[in-house]
Amino acid sequence: MSSLKDEIDMQNLPVHIAIIMDGNGRWAKKRFLPRKLGHKAGADPLENITKAADKLGVKHLTVYAFSTENWKRSDEEVKGIMDLLRNYLDRYVAKADKEDIKIDIIGERSRLDQDIQEKIKLIESISADKPGLNLHIALNYGGRDDLLRGFKKIAGRIEDGSLRAEDITEEMISENLDTGFYPDPELVIRTSGEERISNFMLWQIAYSEFVFNSKLWPDYTEEDLYGDICYYQNRDRRFGGR
Ligand code: IPE
Ligand code: IPE
Ligand code: MG
């Protein structure tokens with residue numbers, strides 16, 4: 001069977017792909033299931049897409065799993081998502097020796113349950129030396145919150161006298177964000193047909209290309225990823241030049 005994978009120009013592969021994994025609730029609703037089962041159904045595509053991106057040779061994959069605004073949802077739904085996350089982290093730890101990918105979490109951690117914070121620390125330390133793809137999971141992440149925390153770090157240096165306001169650079173702002181030293185995403189994919197950013201990586205997406213895929217996240221497959229990469233590769237990126 002032919003695959004869109006063969007159409008990908010490997011010389012022009014995005015180094016960093018970011019995905020807004022949206023549509024779990026609608027997937028469940030269509031099946032008259034509780035929303036939390038929609039989130040559960042979203043776990044397999046996450047695993048498949050991570051593996052596919054790793055195999056292709058993508059270096060960074062950032063996935064938006066829970067936003068700073070998602071706390072507004074029912075306690076039951078939030079708990080369902082957090083339990084799935086616990087599960088995901090535990091599964092990785094259980095088969096860590098066979099794993100190839102490096103995992104870290106971006107977002108504000110102090111609001112997460114203590115046991116989740118500990119699981120995150122564990123997974124970041126055991127996966128730190130893995131050779132494969134860097135999977136960044138955005139959890140309690142908001143682009144504005146990321147900027148706010150970054151600005152506070154920089155302001156702290158001005159306050160203690162180690163930095164002058166006029167010496168602040170764009171690089172310094174980038175480095176003080178959760179995404180630190182890794183490159184901005186060339187490609188941002190959002191599933192479910194919604195065409196908005198919903199407070200994802202506001203600074204980092206200045207020149208990203210966007211692909212809005214109408215598939216709901218639980219239905220998103222490796223072939224969809226390959227297709228979205230091909231679609232991106234046919235764009236003419238100008239960066240303000242001509
Ligand atoms: C995305 O799916 C997952 C999270 C935001 C946690 P949604 O739960 O937003 O699904 P829809 O948008 O309601 O279909
Ligand atoms: C964005 O999706 C957040 C995640 C996918 C984690 P939402 O479903 O929360 O965004 P809105 O409410 O449609 O803007
Ligand atoms: Mg949604």
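The shell around ligand 1 is made up of three nonpolar, five polar and five charged residues. The model in which this shell is seen is a predicted one. Among the 13 residues around ligand 1, those that come nearest are D22, G25, R26, R35 and R73. Three helices, α1 (24-30), α2 (35-41) and α4 (75-94), each contribute at least two residues to the shell, and α1 gives the most, with three residues.

Some of these neighbours can be followed down to single atom pairs. In the side chain of R26, an N or O atom lies 2.7 Å from an oxygen atom of ligand 1. R73 likewise places a side-chain N or O atom 2.7 Å from an oxygen atom of the ligand. With G25 the backbone takes part: one of its polar backbone atoms is 2.9 Å from an oxygen atom of ligand 1. On its own, ligand 1 has 380 Å² of accessible area, and the protein covers 86% of this. As for its location, ligand 1 sits in the largest pocket.

Turning to the aromatic residues, the structure contains seven aromatic pairs. A pair of this kind is described by two quantities, the distance of the ring centres and the angle of the planes. For Y64 and Y141, the ring centres are 6.1 Å apart and the planes stand at 80 degrees, so this pair is edge-to-face. Y64 belongs to strand β2 (residues 60-67) and Y141 to strand β4 (residues 134-141).

Technical notes: Residues numbered from 1 in each chain as written. Chains lettered and ligands numbered in written order. Predicted model: local features only at pLDDT ≥ 70, side-chain atom pairs only at ≥ 80, totals over all residues. Heavy atoms only, no water. Near = heavy atom within 4 Å. Polar contact = N/O pair within 3.5 Å; in protein donor to acceptor, adjacent residues only side chain to side chain. Areas by Shrake-Rupley, 256 points an atom, 1.4 Å probe, with all protein chains shown as cover. 1 Å grid on protein atoms, 1.4 Å probe; cavity = no way out; pocket = protein on both sides within 12 Å on 5 of 7 lines; lining within 4 Å. Sits in = over half its atoms within 2 Å of the grid points. Helix = DSSP H or I, 4+ residues; strand = E, 2+ residues; numbered from the N terminus. Nonpolar A, V, L, I, M, F, W, Y, C, P; charged D, E, K, R; others polar. Phe/Tyr/Trp six-rings, centres within 6.5 Å; stacked < 30°, edge-to-face > 60°.
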